[in-house]
Amino acid sequence: MGKMNRRTAYTDNLLTMLETSTSYRIWFNRIAEIFMSRFEWQNLPDNIPERFIEQSLMRTGSCWLGYDQLGQMALAARMGQRGKPDFYGDPMEFECYGLNGVHFTAHRYPGTEHNFVGVPIWNNYQRTPSYMTIREYALRLALIERTIDVNVNGQKTPRLISGTQEQILAIKNAVKDIDTFSAALIVDNALDRDNTLQVFAQPAPYVADKLKMLSREQWAEVLDMGGVGQPPEKRERLNETEIETSIMSAQATLYSGLACRQEAAKQFNDMLGYNVQVTYREYGLVSNDADDPRPTDREDSNQEQVQHT
């Protein structure tokens, strides 16, 4: 096996190990919850759960919102494009499906021959799912946490020990005692009679504190990419320009998803006479007024503290 193939195999094994780890699942679910709870759908029909819409957008980048003219009820479904798009690349027909396996074809414009009509909801202007971002950062954070565990574990007494066959049992017992935080006291004249017992490994340098800081930086990136913004303890150490840049970055990400959802809600309302509205939930870091990008009172207070330090 070539060097590149060995490296690829190692990377694949590492990713597989991380994706099946509890740490990865915890981070993935935590980030996914943030991405799925950013927006609030108001006046949705009672039979359409907000969670289904946001989960579909997070995982696939799109969701269909429409009406069953035969059953006289509003519906939401996961979707794929069917047939040719229009001049601007927007789909005219949709292949829709529910999580119970039910499939149906829907159309963009009402017609007597169409049972299902509706509009697409896009996750963002690029029409891409958040799943890739969530998976990437969950892997990064899980890897950092795993590295912290290895580094902390590496502070124990060195383990790479060389000895004779007769010394194996004594060495194993000593290592076991050390692992259980017991004193290792062994009296055996043959243990190092010929100076054959050697230690090759030394404890790894302690870097867990630095890795924890890296983990916090990665988490701050997650919040920015989700449009939530950095946590207060991080923001207090930034100057005014850095704070404004962070707010603008978070807002730009958030407004892309908000605009797509509001556009779909407007099309749905105009087509079927509903009054569905979409806003985003405030986390105290960005304003919910699209025309007022200024920091909140809490942010102004933080900026004053930074300027006086």
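Modeller: Let me begin with helix H6, whose buried residues are Ala208, Leu211, Ser215, Gln218, Trp219, Ala220, Val222, Leu223 and Asp224. Please keep in mind throughout that this is a predicted model.

Colleague: How do you know that the length of H6 agrees with its number of residues?

Modeller: Helix H6 covers residues 208-225, which is 18 residues, and at 1.5 Å a residue these should span 26 Å; the end C-alpha atoms are 26 Å apart, so the two values agree. Just after H6, Gly227 has a positive phi of about 80 degrees.

Colleague: What does the protein chain contain in helices and strands, and what share of its residues is buried?

Modeller: The secondary structure comes to nine helices and nine strands, and buried residues make up 38% of the 309 residues in the chain. Of the contacts with a separation of 6 or more, 65% are between residues 24 or more positions apart.

Colleague: Which residues touch the most other members of the largest nonpolar core?

Modeller: That core has 23 residues, and the ones that touch the most other members are Trp41, Ile48, Ile53, Cys63, Ala76 and Ile121. At least two residues each come from strand E1 (39-42), helix H3 (50-60), strand E2 (62-68), strand E3 (73-85), strand E6 (116-122), helix H8 (240-272) and strand E9 (277-280). Helix H8 gives the most, with five residues. A second, separate core has 19 residues, among them Trp27, Ala32, Met58 and Tyr137.

Colleague: What does Trp41 touch, once residues up to four places away in sequence are not counted?

Modeller: Trp41 touches Glu50, Ile53, Glu54, Ile121, Arg261, Ala265, Val276, Gln277 and Val278. Of these, Val278 in E9 is the residue that Trp41 stands opposite, and strands E1 and E9 pair in the antiparallel sense over four bridges.

Colleague: What makes you say that E1 and E9 pair?

Modeller: Pairing requires at least two bridges between the strands, and E1 and E9 have four bridges.

Colleague: Why is Trp122 called buried?

Modeller: The cut-off for buried is under 20% relative accessible area, and Trp122, with 16%, is therefore buried. Trp122 has its place in strand E6, and, leaving aside neighbours within four places in sequence, Trp122 is in contact with Leu57, Gly61, Ser62, Met79, Pro91, Arg127, Cys260 and Arg261. One of these, Gly61, is 61 residues from Trp122 in sequence, yet the two C-alpha atoms are 6.0 Å apart in space.

Colleague: Why is the pair of Glu54 and Arg261 called a salt bridge?

Modeller: A salt bridge requires a side-chain nitrogen of Lys or Arg within 4 Å of a carboxyl oxygen of Asp or Glu, and the closest N and O atoms of Glu54 and Arg261 are 3.0 Å apart. Since Glu54 lies in helix H3 and Arg261 in helix H8, the pair ties together parts that are 207 residues apart in sequence. Glu54, at 1% relative accessibility, counts as buried, and Arg261, at 0%, counts as buried too.

Colleague: How do you know that Asp90 is buried and that Arg127 is partly exposed?

Modeller: Buried means under 20% and exposed over 50%, with partly exposed in between; Asp90 has 18% and is therefore buried, whereas Arg127 has 33% and is therefore partly exposed. The side chains of Asp90 and Arg127 meet in a salt bridge of 2.5 Å, N to O.

Conventions
Residues are numbered from 1 along each chain as its sequence is written. This is a predicted model: local features need pLDDT of at least 70, side-chain atom pairs count only at pLDDT 80 or more; totals for chains, interfaces and linings use all residues. Side-chain values use heavy atoms; hydrogens and water are left out. A nonpolar core is a set of buried Ala, Val, Leu, Ile, Met, Phe, Trp, Tyr and Cys residues joined through side-chain atoms within 4.5 Å. Buried means under 20% relative accessible area, exposed over 50%, partly exposed in between (1.4 Å probe, protein chains only). Contact means heavy atoms within 4.5 Å. The expected span of a helix is 1.5 Å times one less than its number of residues.
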